[in-house]
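Subject: Structure handover

Hello,

Here is the structure I promised to pass on. Please open it first, then read my notes below.

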Amino acid sequence: MIYQYIIYIDKIYILYSPLILYKEEENKMNKKQSLIQKIKKEELIPNPYEPGEFVKPKNDPSYSKFKHLSPNNWVFHKQIVEKVLEGEYMSILPYSAEFVTTVNCSNRCIFPCSFIEQREIEGIQKENQLYNPKVHMQSLNFAKDLMDKTLDGGVKGIIFTGGGEPFLFDGLEEIMQYTTSKGADSVLYTNGNVAEERRVKKVIESEPLMVRVSLNAGTEDIYNKIHRPFEPDGSLQRALNTIEILAQGSKQNPNMSTGVGVVINKINRYNLKESAKRIAEISDKVGGGITYAAYRPAYNHCGKKQLSPEFLDEVHEEVELKVRPILENAGVSLSNITCRYEALKQERPYDVCRASGLYLELSPYGLAHTCSDRNCHAAHVIGDLKENSLEEIWTGEKRAGRFEYINNSKCDVCAPGCKPHETNIQFEKIEKLRENGEFYKVELWIKEQLKMPVPKMVNF
């Protein structure tokens, strides 16, 4: 008996027999075998940034590099790989979380700050409220309970950050130590200008994989103009002192990387060289200890208007020509985050958000949000970890409804250059390979990466 299959394409009926389907599968297998042989013969490795692409290894393979927030770290997480292979992106559970201890801050930045809308909603734009549980964790025990539920949900990497400054939470060092004791990796983002030396040293003792200090300027006048700290006198020097203590800590514990962040806007664009000089001075004084400095353009989380393409091109070149030589001479790796510049200049090459599920954002009150770039905004709450498990929140109707709204807008309701952006680009390319009958390239791309050393920052 001969079975036949009818496939409908725009009302044109195409008759497929088992023989034709068999030939198509055979053709795919032959192409897959040819690619396997090519990879072996030419000693190719997967390009971690381009799904399905294989390249000649460089003298310094990318796998040995730092790889914080690398868009392909998901490849090393089995449950995510399984869902990607199935095309079930909404079923992906997060492997990384931003644990926001407080929305209070020692600064009131004008980037605009990504958390400015939530501060206005909660009435703390002009002054901090350390006793308001909606914006500030009220106890170490509460933080531990949230951490237990987060890790029980499968999260492996915790970024301690703030809608403000994490050091304003008294239990920061203890919750970081607790996280390490539970077997999770941790990272800390801080502005460094209210961090006492004894507390910074306790953070170092908690063995985070990385601490990044947001510097953003190299002279006090520009630093204060950008950050508008509540205690402006000596604010820059306090941040520099924190970087120095951390650099010393990295020298003693090489597993902890110290990074410095510089977000570029119109206020500090002519101060970039000065920020590089301050970083280099610390590195020279300590004898190293600063792993990298990341320079990236500011972007508006709360509206459509972004920095102009002309501005972005000019400052990108300035970082390359004026900042890079200073840092490299001091032994500090520069990350001039080109993908952020490009994201602000171009339309998204996708219209569905598939990657947001990789990242959890948890507010000081235990509320989970749609995305790590929603900055604890009340309009984007998808569940309460005090009442439900992480899996219940992630598979719940509220989250599904939010993403229906986001995807119906073709992601236009979201700011460009978000944390999931680069991985969304990867997932879009993966789906195009699936549509084109070349999914075997993706399968091999994943398989070959799993033969490589696991990146240090794989859980972020």
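Of the 460 residues in the protein chain, 53% count as buried. Buried means under 20% relative accessible area, exposed means over 50%, and partly exposed lies in between (1.4 Å probe, protein chains only). This is a predicted model, where local features need pLDDT of at least 70 and side-chain atom pairs count only at pLDDT 80 or more, while totals for chains, interfaces and linings use all residues. Residues are numbered from 1 along each chain as its sequence is written, and side-chain values use heavy atoms, with hydrogens and water left out.

Overall picture

The protein chain holds 15 helices and 14 strands. Both are DSSP runs, numbered from the N terminus: helices are H or I with at least four residues, strands are E with at least two. The chain exposes about 21,600 Å². Carbon and sulfur atoms supply 50% of that area. Accessible areas come from the Shrake-Rupley method with a 1.4 Å probe; for residues, only the protein chains shown count as cover. Take the contacts between residues at least 6 apart in sequence: 72% of them join residues at least 24 apart. Contact means heavy atoms within 4.5 Å.

Strands 5, 6 and 7

Start with strand 6 (157-161). Five of its five residues are buried. Gly157, Ile159 and Thr161 lie on one side, Ile158 and Phe160 on the other, and both faces are covered. Strand 6 pairs with strand 5 in the parallel sense, over five bridges. Two strands pair if DSSP finds at least two bridges between them. Glu98 stands opposite Ile159 in strand 6. Strand 6 also runs parallel to strand 7, joined to it by four bridges. There, Phe160 stands opposite Leu188.

Val187 is found in strand 7. Its relative accessibility is 0%, so Val187 counts as buried. Beyond its neighbours within four places in sequence, Val187 is in contact with His68, Ile158, Ile159, Phe160, Met210, Met457 and Phe460. Val187 and Ser257 are 70 residues apart in sequence, yet 9.4 Å apart in space, C-alpha to C-alpha.

Thr150 lies in helix 4 (residues 140-152). Is Thr150 buried or exposed? At 1% relative accessibility, Thr150 counts as buried. Leaving aside neighbours within four places in sequence, its contacts include Ala97, Phe99, Val155 and Ile158. Leu360, Leu362, Leu385 and Leu390 also touch Thr150.

Helix 5 spans residues 172-181. Its buried residues are Leu172, Glu173, Ile175, Met176, Tyr178 and Thr179. Their cover includes strand 5, helix 4, strand 6, strand 7 and helix 6. Gly183 follows helix 5, with a positive phi near 90 degrees.

Strand 10 (residues 292-297) and strand 11 run parallel, joined by four bridges. Ala293 stands opposite Leu334 in strand 11. Side chains alternate along strand 11 (residues 333-336).

Helix 11 covers residues 338-345, with Arg340, Tyr341, Ala343 and Leu344 buried. These residues cover an arc of only 165 degrees around the axis, so they sit on the same side of helix 11. The arc is that of the directions from the helix axis to the C-beta atoms. What covers them includes strand 9, strand 10, helix 10, strand 11 and helix 14.

Nonpolar cores

A nonpolar core is a set of buried Ala, Val, Leu, Ile, Met, Phe, Trp, Tyr and Cys residues joined through side-chain atoms within 4.5 Å. The largest one has 73 residues. Phe99, Phe160, Ile279, Tyr295 and Leu327 touch the most other members. Not counting residues up to four places away in sequence, Leu327 touches Ala276, Ile279, Ala293, Tyr295, Val332 and Leu334. A second, separate core has 26 residues, including Ile39, Ile92, Tyr440 and Leu444.

Cysteines

Cys371 counts as buried, at 10% relative accessibility. Cys418 is buried as well, with a relative accessible area of 16%.

Best wishes
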